[in-house]
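Please look at the sequence and the structure below. The paragraphs after them go through the model part by part.

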Amino acid sequence: MSPDLERLIKLQHLDTRIDEAKRTIASQPERVAAADARLSAAKQAVDTAKQRLKDSQDARRAAEKDAAVYQGRLDKFKDQLSAVKTNREYQAMQHEIATAQQELGAAEEKVLERMMEGDAIAAEIKQADAIHATRQKEVEAEKKALSTELTATEQSLKESTSARAALVGELPKPLLALFEQVARVRKGVAICMATRDGLCSVCHVRLRPPVFQQVRQNDAIVQCEVCNRILYYIPPPQPVTPPTTVTS
Ligand SMILES: [Zn+2]
């Protein structure tokens, strides 16, 4: 293969790596933010459940106060019952007692409902807390991995960039210009393989036989007639000849 073609293949490889590294680096803040968002969603679930528990407890205390008021009223009526003189008074008092009892029953029912609700919310909080703790560990590990990846990617980018600069120095200027011009219009891929059955491996067009023939020589710059990418060819591996047994 011509040294220039080999250099172009290397250049393509470096450019692809540089491009990937840049994209990885650029996506970093977004990935960190996504991890943080997952954590704060878990925290939010805990806070929301805690607020619901507080509301429920407030409601329970209010119901308990009501119950105490009705209980007090009931006790008072019961005390007064022994002091009534007439049958009419007695009946009226009985009526008051029945009403107070009903109110007390309803308030106690509410207290009980709130108690059960509180238990259910407490269980939810426990679960949300567990999820939050798990998420915290996950996100911590994820951010650590992201940071490690960032360091490695930055290093790789640095290496690729200086390797590219060195390689570019070895390339004839017009060839580099051609490569970069094709790369610009072809999503960064300026050179690609021709398949063994004579197709451009990227745009899949069938190369005309004389073009394919020329590409197979690997000694000139030949471009795909459709996508303009520079083409090279990798011959099929030679069948392995079994080692000859030396008999003496
Ligand atoms: Zn093509």
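Cys 200 is buried, because its relative accessible area is 0%; buried means under 20% relative accessible area, exposed over 50%, and partly exposed in between, with a 1.4 Å probe and protein chains only. Cys 203 has a relative accessible area of 27%, so this residue counts as partly exposed. The model is predicted: local features need pLDDT of at least 70, side-chain atom pairs count only at pLDDT 80 or more, and totals for chains, interfaces and linings use all residues. Residues are numbered from 1 along each chain as its sequence is written, and side-chain values use heavy atoms, with hydrogens and water left out.

Both cysteines belong to a metal site. The zinc ion has as its protein donors Cys 200 (SG), Cys 203 (SG), Cys 224 (SG) and Cys 227 (SG), at 2.3 to 2.4 Å. Donors are N, O and S atoms within 2.8 Å of the metal (3.2 Å for Na, K and Ca); water is not among the atoms, so sites may look incomplete. Along the chain, the donors of the zinc ion are spaced as C-x2-C-x20-C-x2-C. The site of the zinc ion is tetrahedral, with angles of 103 to 119° among its 4 donor atoms; four donors count as tetrahedral if all angles lie between 85 and 135 degrees. The ideal angle for four tetrahedral donors is 109.5 degrees.

Next comes the helix α4 (209-217). Helices (H or I, at least four residues) and strands (E, at least two) are DSSP runs, numbered from the N terminus. Val 211, Phe 212 and Val 215 are buried in α4. Seen down the axis of α4, its buried residues fall within an arc of 95°, so they line one face of the helix; the arc is that of the directions from the helix axis to the C-beta atoms. The exposed residues Pro 209 and Pro 210 are on the face of α4 turned away from its buried side. The cover over the buried residues of α4 includes β1 (191-194), β2 and β3 (230-233).

How many aromatic pairs does a search of the whole structure find? The search finds 1 aromatic pair. The ring centres of Phe 212 and Tyr 233 are 5.7 Å apart and the planes are at 80°, so the pair is edge-to-face. Rings of Phe, Tyr and Trp (its six-membered ring) pair if their centres lie within 6.5 Å; planes under 30 degrees apart count as stacked, over 60 as edge-to-face and the rest as tilted. Because Phe 212 is in helix α4 and Tyr 233 in strand β3, the pair ties together parts that are 21 residues apart in sequence. Phe 212 counts as buried, at 12% relative accessibility, and Tyr 233 is buried with a relative accessible area of 7%.

After α4 comes Asn 218, with a positive phi near 55°. Asn 218 is in the loop between α4 and β2 (222-223), and is buried, with a relative accessible area of 7%. Not counting residues up to four places away in sequence, Asn 218 touches Met 1, Ser 2, Leu 5, Tyr 232 and Tyr 233; contact means heavy atoms within 4.5 Å.

Technical notes
Four donors count as tetrahedral if all angles lie between 85 and 135 degrees; four count as square planar and six as octahedral if opposite donors are over 155 degrees apart and all others between 65 and 115; anything else is irregular.
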